[in-house]
Amino acid sequence: MDELQELVIEACRHPPGSPQRQRALTKVIRLASRKLWRENVAYYEDALQQTWVYFCQNVCEATTGRKYDPTQSSVVTWLSAYLKRRLQDFYIQGREQETRRASIRGMASRSGETGELIDPVDNLAANPDVPPILQEVRDWVEADGSGDLVKTHIKGRPEVNCQALLLRRLPPEASWEDISAEFGLPISTLSSFYQRQCLPRLRKFGESEGYL
């Protein structure tokens, strides 16, 4: 049995939320981070964040998925498999967005040839009902009651703040490429700031509302 599995067993001996479990899980995250599947794509950090949330929810108890079974695989293999699936989800979402944008451009181009004015927005499919949780998250971001989201911004760029980035990353999320072009900043700068400053605030809100 490797060190990571021993730490998982140690963590699961303690009740959820206890300092002992949190300390053990933090060690697992620190040690496993260096060994997980890697890809050099803009959405990697988002997929990784989802992986850690899944880990904390299912490593000891089956909260949102199947509980981790140390007899079936190592912790790294289990997490890497989940991470790959989330990366695939982001890839498919990106392709779908590109296809949608290409379709809209095509319709706009065709309308120009005939002289017929067509608003591309009119050709978009009706949005499905917004899930209540997503709407609540959006309301929280837009309201920003404490002003913390707006105040937390990239140095020297007050308009590039957590409220602006979170709104753009909520479904249907804008791609990091589009956000980079909009603000004139590298994807790595935006993504790093988002991971370090914005996602923790979003996670804190999710925990306070009982979503996580």
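Predicted model: local features only at pLDDT ≥ 70, side-chain atom pairs only at ≥ 80, totals over all residues.
Residues count as buried when their relative accessible area is under 20%.

**View 1. Overall arrangement of helices and strands.** The protein contains nine helices and two strands. Starting at the N terminus, the order of elements is α-α-α-α-α-α-β-β-α-α-α. Of the contacts between residues at least 6 apart in sequence, 60% link residues at least 24 apart. The accessible surface amounts to about 12800 Å², with 53% of it belonging to carbon and sulfur atoms.

**View 2. The largest nonpolar core.** This core comprises 28 residues, and Phe55, Val59 and Val75 have the most contacts inside it. Two or more residues each are given by helix 1 (3-12), helix 2 (19-33), helix 3 (44-58) and helix 4 (75-114). Helix 4 gives the most, with eight residues.

**View 3. Surroundings of Phe55.** When neighbours within four places in sequence are set aside, Phe55 contacts Leu25, Val28, Ile29, Val75, Trp78 and Leu79.

**View 4. Leu165 and its contacts.** Leu165 is situated in helix 7 (residues 162-169). Because its relative accessible area is 0%, Leu165 is classed as buried. Beyond residues up to four places away in sequence, Leu165 touches Val160, Ile179, Phe183, Leu190, Phe193, Tyr194 and Cys198. Leu165 and Tyr194 are 29 residues apart along the chain, and their C-alpha atoms are separated by 7.2 Å.

Notes:
Residues numbered from 1 in each chain as written. Heavy atoms only, no water. Core = buried A, V, L, I, M, F, W, Y, C linked by side-chain atoms within 4.5 Å. Buried < 20%, exposed > 50% of the residue type's maximum accessible area, 1.4 Å probe, protein only. Helix = DSSP H or I, 4+ residues; strand = E, 2+ residues; numbered from the N terminus. Contact = heavy atoms within 4.5 Å. Areas by Shrake-Rupley, 256 points an atom, 1.4 Å probe, with all protein chains shown as cover.
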